[in-house]
Amino acid sequence: MGRLRSYVARHHIALLALFFALTGSSYAAFQLPRNSVSSAHVKDFSLLKRDFKKGQLPAGARGPQGETGAPGAPGAAGAAGAQGAQGAQGARGATGPQGPKGDPAYTRTILVSPAGTDIENGTALLNAVAGITDASAAKRYLVKLEPGNYNLVRNRLVLKPFVDVEGSGPQSTRLLTEHDVAEGAIAGASDSALRQLGISAVFGRAGISPVVANGGQRFVLEGVDIAAQSLFSAGIIGVDHENGSLTMRHSTVTLTGPSFLHEAVRSAAAATIEYSTLSSFTSGSSSAAYGLHAFAGATVGWSTMEAFGGTSTNRAVEATGATTFVGVKASQLRGGIAGANGAVLKCAASFDDDLNMVGSACL
């Protein structure tokens, strides 16, 4: 205690000064009136942002943009979400255009195309027919020829039963032949047909040469155009029908040249000829020309038969034989009209070159 009194005695002046200093600042803090401090009493740059109310300090100009920072590391992939429910099926779109047809797969049709010379094409036709070995009534075949020329030269085309040969039209598909033999350049067969093709023949042998010879049952010519020319041969026959039956429709036979004998159709068996034209023109001496020369029953309808140029005989229709009956209906007979050598020949609604009706006896 004595030591405290000694310290105060020695330092009482300093302690008194400190007392007044401390009590004076407290007075200033607690005794200054409100709003008594003005900007004149404040030292510049002594106030801080916290000394001002919000909104009292105006915003300064925006500084320049800093450099782009380095990209942060990618975050971990999130877990896959559950698959949503399947949506309802949409409406069916419009049907698109039909595509091209694919190559057909033929079973009993043999297609022959003109891939080489006319002679090569003819050989392809002969091979196609010869290659068919199992044709029957239950298994018929068709040999289809594309447009083009098929030159058989001096080869004989022999048809087969239950096999038809069909072209692409008389003006588009033509068979060419020089095979002037008595058996015929083309041989028909039972239950076979030639359809939609042309045949051009040039004959020069001394004998009589048929273009088509038939000895089978139910042989058909449909849409066939036969044009044959004789050079110095004794005669030519367009269709020589010896046995069986012949049906000829929408076909044409035209024979020209100086032969002794021209017969567009020679028939020794039953024949039906419809919507066809049979023409024989010859310029030979002591010659004979016939459209139809029938030695057996025949029916002709809606057709034209004509014969010109023969120095001995011209007959659009010639019928021969006591048992032969030939009926002609709605047809035109041109040239020498008709002749019946012991046969019965009748016409109905038929006419001559000048469209005059002919009598029932075709005269």
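The following legends describe close-up views of a predicted model of one protein chain.

**Figure 1. Overview of the protein chain.** The protein chain contains 2 helices and 24 strands. Of its 363 residues, 37% are buried. The accessible surface amounts to about 21200 Å², and carbon and sulfur atoms contribute 56% of that area. Among contacts with a separation of 6 or more, 71% involve residues 24 or more positions apart.

**Figure 2. The salt bridge between Lys-144 and Glu-166.** The structure holds 12 salt bridges, and one of them joins the side chains of Lys-144 and Glu-166 at 3.0 Å, N to O. Lys-144 belongs to strand β2 (residues 141-145) and Glu-166 to strand β5 (residues 163-166), so the pair ties together parts that are 22 residues apart in sequence. Lys-144 is partly exposed, because its relative accessibility is 23%. Glu-166, with a relative accessible area of 18%, is buried.

**Figure 3. The salt bridge between Arg-195 and Asp-164.** The closest N and O atoms of Arg-195 and Asp-164 are 2.9 Å apart, and the two residues form a salt bridge. This pair links distant parts of the chain, with Arg-195 in strand β8 and Asp-164 in strand β5, 31 residues apart. Arg-195 counts as partly exposed at 22% relative accessibility, whereas Asp-164 is buried with a relative accessible area of 10%.

Figure 4. The side chains of Asp-225 and Arg-174 meet in a salt bridge at 3.5 Å, N to O. Asp-225 lies in strand β10 and Arg-174 in strand β6, and the pair links these distant parts of the chain, 51 residues apart. Both Asp-225 and Arg-174 are buried. Elsewhere, salt bridges that share partners join Arg-140, Lys-144, Asp-164, Glu-166 and Arg-195 into one network. As a general point, side chains of opposite charge can pair when their charged atoms come close.

**Figure 5. The surroundings of His-179.** His-179 is located in the loop between β6 (173-177) and β7 (186-187). With a relative accessible area of 14%, His-179 is buried, since the limit for a buried residue is under 20%. A polar atom of the His-179 side chain lies 3.0 Å from the backbone oxygen of Arg-154. Beyond its neighbours within four places in sequence, His-179 is in contact with Val-153, Arg-154, Asn-155, Arg-156, Ala-185 and Phe-203.

**Figure 6. Leu-194 in the largest nonpolar core.** The largest nonpolar core has 59 residues, and those that touch the most other members are Leu-125, Val-143, Leu-194, Ile-199 and Leu-292. When neighbours within four places in sequence are left aside, the contacts of Leu-194 include Leu-159, Val-165, Ile-186, Ile-199 and Phe-219. Leu-194 is also in contact with Val-220, Leu-221, Glu-222 and Val-224.

**Figure 7. Gly-223 in strand β10.** Gly-223 lies in strand β10 (residues 219-230) and is buried, with a relative accessible area of 5%. The C-alpha atom of Gly-223 is separated by 6.7 Å from that of Leu-197, a residue 26 residues apart from it along the chain. Apart from neighbours within four places in sequence, the contacts of Gly-223 are Pro-170, Arg-195, Gln-196, Leu-197, Arg-249, His-250 and Ser-251.

**Figure 8. A nonpolar patch on the surface.** Val-202, Leu-231 and Phe-232 form a nonpolar patch on the surface, and together they have about 310 Å² of accessible area. Val-202 is placed in strand β8 (residues 193-203). The relative accessible area of Val-202 is 39%, so this residue is partly exposed.

Figure 9. Most residues other than glycine have a negative phi. Tyr-275, although not a glycine, has a positive phi of about 50 degrees. Tyr-275 lies in the loop between β15 (270-274) and β16 (277-281) and is partly exposed, with a relative accessible area of 41%. Cys-362 is likewise a residue other than glycine with a positive phi, near 65 degrees. Cys-362 is found in the segment after β24 (344-348), and at 0% relative accessibility it counts as buried.

Notes. Residues are numbered from 1 along each chain as its sequence is written. This is a predicted model: local features need pLDDT of at least 70, side-chain atom pairs count only at pLDDT 80 or more; totals for chains, interfaces and linings use all residues. Side-chain values use heavy atoms; hydrogens and water are left out. Patches are made of residues with over 30% relative accessible area and no salt bridge: like charges are joined within 9 Å, nonpolar side chains (Val, Leu, Ile, Met, Phe, Trp, Tyr) within 5 Å. Accessible areas come from the Shrake-Rupley method with a 1.4 Å probe; for residues, only the protein chains shown count as cover. A salt bridge is a side-chain nitrogen of Lys or Arg within 4 Å of a carboxyl oxygen of Asp or Glu. Helices (H or I, at least four residues) and strands (E, at least two) are DSSP runs, numbered from the N terminus. Buried means under 20% relative accessible area, exposed over 50%, partly exposed in between (1.4 Å probe, protein chains only). A polar contact is a pair of N or O atoms within 3.5 Å; within protein, one must be able to donate a hydrogen and the other to accept it, and residues adjacent in sequence count only if both atoms are side-chain atoms. Contact means heavy atoms within 4.5 Å. A nonpolar core is a set of buried Ala, Val, Leu, Ile, Met, Phe, Trp, Tyr and Cys residues joined through side-chain atoms within 4.5 Å.
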